[in-house]
Amino acid sequence: MDRQIGVIGTGSMGGMLIRSFLRGGAAIPQNLCAANRTPEARIAIAAETGIQTADDNRTLVKDSDVILLCVRQPDVMPVMEEVKDLLTEDKLLISVASDVPLSALESLIPARVARVIPSVTSEQLKGVSLIVFSDRTTQADHERVISLFGAIGTPVIISEPDIEPYTTLTSCAPAFFAAMVREFAASAARMTGVPADEAEALARETFIGTAALLEIPGTACADIISRVATPGGITEVGVKILSREFPPVCDELFAATEKKHASFRVPSPGKE
Ligand SMILES: NC(=O)c1ccc[n+]([C@@H]2O[C@H](COP(=O)([O-])OP(=O)(O)OC[C@H]3O[C@@H](n4cnc5c(N)ncnc54)[C@H](OP(=O)(O)O)[C@@H]3O)[C@@H](O)[C@H]2O)c1
């Protein structure tokens, strides 16, 4: 907790990580510093959390040992160009950007590099952060990154070729699960006449309760299904429909997200 962590970009992800690191005890305000291209945004996060701010990205990189790059994918390379001469061997760069490979970052700088794909669920200190380490990183870097992200959820180390489907399974999934609850409730309103807001409130509470059951160690989804869906009963009819109709929907989702990743992917140097 004694080294300076610098965050470039205080938007949705950068802001969430700052708040969660503080809440999860991974950092104290004195050791966190943020830079953002819009001054009002960095002033706002400092006022909210008590962290330090830097007037610009170069000052932040100079003063930090660990730099979290939390800008959108099109802004990654412009920021890298701006600070690359300061990202020396003694710095650890953690990029949260989707679709920017380690090789594209490492080709510009001598710093050690890791990629992390966080999830909004870390705001509740739950869920998965995917971590990919470059060959340049050390054992101490691994411990540092695992300790940071372990304080705000479950860190899972993966290899870079797996990152896209794993991202769909973890980082994108909160939106998919929320969309499923919404559609389930909307159907109840359409088909049964339960008022829409009441249907969504009921489905949401039940979803939260189901997640709590899944938190019990050793509980599988199949255990919950078999507890509720007695053979020949009402719930079983619904489970059978889902088992028949839902797999093609999920297959389409994975195919579509993979296609979208391909359209955003920043090529590795020498592979254009
Ligand atoms: N959202 C998710 O659930 C999620 C999950 C995993 C990974 N990610 C990744 O997280 C990254 C950030 O996404 P986001 O949703 O947080 O985007 P966002 O809300 O738009 O935040 C990006 C932030 O970067 C700042 N920024 C842009 N260019 C900058 C520059 N040159 N110098 C300093 N700050 C700069 C923006 O400043 P302004 O205030 O001026 O706009 C903004 O505050 C993306 O690469 C995305 O792939 C997101």
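Reply: R115 counts as buried because its relative accessibility is 3%. Buried means under 20% relative accessible area, exposed means over 50%, and partly exposed lies in between (1.4 Å probe, protein chains only). This is a predicted model: local features need pLDDT of at least 70, side-chain atom pairs count only at pLDDT 80 or more, and totals for chains, interfaces and linings use all residues. Residues are numbered from 1 along each chain as its sequence is written, and side-chain values use heavy atoms, with hydrogens and water left out.

Now the partner. R115 makes a salt bridge with E160, and their closest N and O atoms are 2.7 Å apart. This pair links distant parts of the chain, 45 residues apart: R115 sits in strand β6 (residues 112-117), E160 in the loop between β8 (154-157) and α7 (163-170). A salt bridge is a side-chain nitrogen of Lys or Arg within 4 Å of a carboxyl oxygen of Asp or Glu. Helices (H or I, at least four residues) and strands (E, at least two) are DSSP runs, numbered from the N terminus. E160 is partly exposed, because its relative accessible area is 23%. Side chains of opposite charge can pair when their charged atoms come close.

How many salt bridges does the structure hold? There are 11. One of them joins K84 and E81, with 2.9 Å from N to O. K84 is at 30% relative accessibility, so K84 counts as partly exposed. E81 is partly exposed too, at 45%.

Another bridge lies in a helix. K240 pairs with E236, the closest N and O atoms being 3.8 Å apart. The two are four residues apart in helix α11, so about one helical turn separates them. E236 has a relative accessible area of 22%, which means partly exposed.

The largest share, three residues, comes from α11. F246 is found in α11. F246 counts as partly exposed because its relative accessibility is 32%.
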